[in-house]
Amino acid sequence: MSTDAEKTSTDAGRPGTTLSRRRAITLAGVGVAGVAGVAGGAGALIRGATDHASADAGAPADAVPFHGAHQAGITTPAQDRLHFVAFDVITKDRGRLVAMLQEWTAAAARMTAGRDAGVFGAVGGVPEAPPDDTGEALGLPPSQLTVTVGFGPTLFRDAQGRDRFGIADQRPPALADLPHFAGDALRPEISGGDLCVQACANDPQVAVHAIRNLARIGMGVVSVRWSQLGFGRTSSTSREQATPRNLFGFKDGTANLKAEDAALLREQLWAQPGDGPDWMTGGSYAVTRKIRMQIETWDRSSLAEQEQIVGRTKGSGAPLGRSDEFDEPDLAARADDGQPVIAETSHVRLAHPTLNNGARLLRRGYNFVDGSDGLGRLDAGLFFIAYQRDPRRQFVPIQTQLSRHDAMNEYLRHVSSALFACPPGVTDAGDHWGRALFG
Amino acid sequence: MRTTRFLVLAATGVLAVTGVTACGSDDDSSSAAGGGNSVTVKATDTTCEVATTDLTAGQATFSVTNSGSKVNEFYVYAAGDRVMGEVENIAPGLTRELRVELPAGAYETACKPGMSGRGIRGALKVSGGSAAPKAADALLTEATAGYQRYVTSQTAELLTRTGEFVAAVKAGDVAKAKALYPVTRTYWERIEPVAESFGDLDPKIDGREEVIEEGMEFTGFHRIEKDLWTTGDITKDGPIADRLLVDVKAIVAKANAEKLTPLQLANGAKALLDEVASGKITGEEERYSHTDLWDFNANLEGSKAAVAALRPALEQRAPELVKQLDTEFANVEKALGQHRAGDGWKLHTELSTTQLKELSDSINALAEPVSKVAAAVAR
């Protein structure tokens, strides 16, 4: 049906007669090009708007390519906004699940290029039918939208032990259930999930639009289990980006894995051949943790205590005892009183690779504020997202250390936890999410 | 439909006296032609014996005797549970007739002891006559005529039941009024979008407390519901009950006179599911009685009736959609069916959040394909 629809759309010349997101952008592009005097570039963009065959070609400047060896939204320079959602699969029909993943892939390819989710778009369909795009992103640019998909442990074998889709033997060993960590106060209804979608963009409306349209496409196949909005990235994933601050007011993610560290990414981020089942090679494992911060008590702790807990200065972000943000922490340094400059229980020390067998993470978290909690306290914190090659060697040992010893725990509560295997990238228009897994 | 109001009122009177009426008969001239198929049906609480299951095309008359202890119903369904004819409210010991025009084809008969569930089904084959495929427009005309019949049968029951409910309220019989409340509302909820199109009457009959505007009295079903389930004091509700019956009579007359288009049918089918998704799943509709699942089921049945009326047209225009609709209607029925309690339904408050979410998921899964029916009908 979608093929016919696509044909009809093109034959009827709809792209020329309807207001599509892409067209609005193209027109804006013409304006810019006119000023800059680059007429040829503008012409190419206009043609690109009618070219359904290639979503990536001629994409506007703030579009992130959808197709590639790895999924976008991992090493992509962290955007400002997040809408993350976990789904339960509610069908038992493997064919329907795969068909939905195909539809999702096509819709994501379109939306990341700044187009409407469906081929007719928000206003291009027949008046009697509900539009195949919800419309709130009409006229908005791609905003560096990335859509990243992952598969949770329960997709392979559900809580009752059933292999619903005949893929239990494809579960990667690295997708092992996370252990209970000291102090975990997890709420099951906002933890776990069979599938996840991470939508990141520089405009929150664009991120929400992506999730909303994918959830709609999935009606009857998946059901939203939980979702989380994030504002304000708390990590940099590229050296081009300045280090942002989390809600404790500290720079976060200074020592993050970054897109430029090619060798480290191979070693620490991407699943390599032989790590597990082939379908996961080139993919990465995402751990998400919703970490509520006890904002009010933190705010009345002294600057010295805050810096001791973090192990960095609040102003520059330099490790205690050093002067520049990117200086290596000197974990051996002692003050005049013989005490370590960077406390034994400080966050920086406990999370440092030297204390964790060299394990690193690519963190991609976001600040969240879900209003207030009824006691007048901000319901706020960090929605932590970390990508890695193998959580058993990376997140699990690091979090074990932190959960036992981190002085910061007094101000933190982990309320949600999830783990997903994010497959490698969708390579081209003939490929789709889950193709290698489901065959 | 021209004289429907008169017929409905007359039928109610007759029903009260002799218990014989024919909700399923069609008023148009075609029903005069055709052979004289006469079929007796013996219904009990557990059986449904249809004397002949091979008929010739044309008019058939089913004479249904209820020798069980529960109130019964008898249906003739075409594929997809499209109601060809139905006779409701057959009290124990009574015989009622159903006259229905049946072209050649495969059908199902069903008795519904206790008036709930899928009923006791049996096959019915009709042969002979012309089976030439009908033009698309003719199919849509038949769809609206078929649905109009459905509306007429539901409004007739609505009137009867409202009368009984009002009588119980005025007699101060709290237990009986409580028992009749969800049953009465079933007939309202099945055709709610039709009723709701009469904007002034709907809030008087079905308005919830919060939608009542300044200067307007809180009346109707939900006012009496509140009194029945909160204080149990209905001694002052006589005038409200009388008023309810007057308003229901007025809306029934209007609904029966309304000429619906195929597009309205399609949108009505969707609107009914939207009712479920927004008001029943949340327990807002029946906040005092918690009988939301009765409404849920009635909305679902009404939506299915509208889609079933359109089915022959949809089979020509969008066969894939028909398959999807069948699957999803069956899924919702299965999900909801887990919460039956006797001949009725569990209370909304007896369901866990997980169970409500499962129902919500199944309704969403159904509402998506149903939302595509209008476009298929329009093209």
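Predicted model: local features only at pLDDT ≥ 70, side-chain atom pairs only at ≥ 80, totals over all residues.
How many helices and strands make up the secondary structure of chain B? The count is twelve helices and eleven strands, where helices (H or I, at least four residues) and strands (E, at least two) are DSSP runs numbered from the N terminus. Chain A has 13 helices and nine strands.

Residues are numbered from 1 along each chain as its sequence is written, chains are lettered from A and ligands numbered from 1 in the order in which they are written, and side-chain values use heavy atoms, with hydrogens and water left out.

In chain A, 52% of the 439 residues count as buried; in chain B, 53% of the 379 residues do. Buried here means under 20% relative accessible area, with exposed over 50% and partly exposed in between (1.4 Å probe, protein chains only). A contact means heavy atoms within 4.5 Å. Among the contacts of chain A with a separation of 6 or more, 76% join residues 24 or more positions apart, and for chain B that share is 69%.

Each chain also has a domain division, with bounds that come from an automatic or database domain assignment. Chain A splits into domain 1 (62-168 + 193-230) and domain 2 (240-424). The centres of these two parts of chain A, taken over C-alpha atoms, are 27 Å apart, and 31 residues of domain 1 are in contact with 27 residues of domain 2. Chain B splits into domain 1 (24-132) and domain 2 (152-378), with 25 Å between their centres over C-alpha atoms. The contact between them takes 14 residues from domain 1 of chain B and 14 residues from domain 2 of chain B.

UniProt positions follow the numbering used here, feature names are shortened, and annotations may be inferred rather than shown by experiment.

| UniProt feature (unreviewed entry) | Residues | Helix and strand | End C-alpha atoms |
|---|---|---|---|
| domain: Dyp-type peroxidase N-terminal | 71-231 of chain A | 23% helix, 20% strand | 22 Å apart |
| domain: Dyp-type peroxidase C-terminal | 243-426 of chain A | 20% helix, 22% strand | 30 Å apart |
| domain: Imelysin-like | 143-372 of chain B | 74% helix, 2% strand | 17 Å apart |

## A pocket lined by both chains

On a 1 Å grid over the protein atoms alone, a cavity is a set of points where a 1.4 Å probe fits but cannot get out, and a pocket is an open set with protein on both sides within 12 Å along at least five of seven lines; lining residues have an atom within 4 Å of a point. Grid points are joined across faces, edges and corners, and a volume is the space filled by probe spheres set on the points.

The second largest pocket holds about 1700 Å³ of space. It is lined by 47 residues, and A:Asp88, A:Val89, A:Ile90, A:Arg164 and A:Asp194 are the closest to its centre. Elements giving two or more residues to this lining include strand S1 (81-89) and strand S9 (412-422) of chain A, as well as helix H10 (319-337) and helix H11 (353-370) of chain B. H11(B) gives the most, with seven residues. By class, the lining has 13 nonpolar, 17 polar and 17 charged residues. For these classes, Ala, Val, Leu, Ile, Met, Phe, Trp, Tyr, Cys and Pro count as nonpolar, Asp, Glu, Lys and Arg as charged, and the others, Gly among them, as polar.

## A cavity between the domains of chain B

There are six cavities of 30 Å³ or more. The second largest cavity has about 100 Å³ of space and 14 lining residues, with B:Arg82, B:Val83, B:Gly146, B:Tyr147 and B:Ala309 nearest its centre. H2(B) supplies the largest share of the lining, seven residues. The lining has ten nonpolar, one polar and three charged residues. Why does this cavity lie between domain 1 and domain 2 of chain B? Both domains give residues to its lining, so the cavity lies between them.

## A closer look at B:Val100

B:Val100 sits in strand S7 (residues 95-102) of chain B and counts as buried because its relative accessibility is 1%. Its contacts, leaving out residues up to four places away in sequence, are B:Gly58, B:Gln59, B:Ala60, B:Phe62, B:Met84 and B:Gly85.
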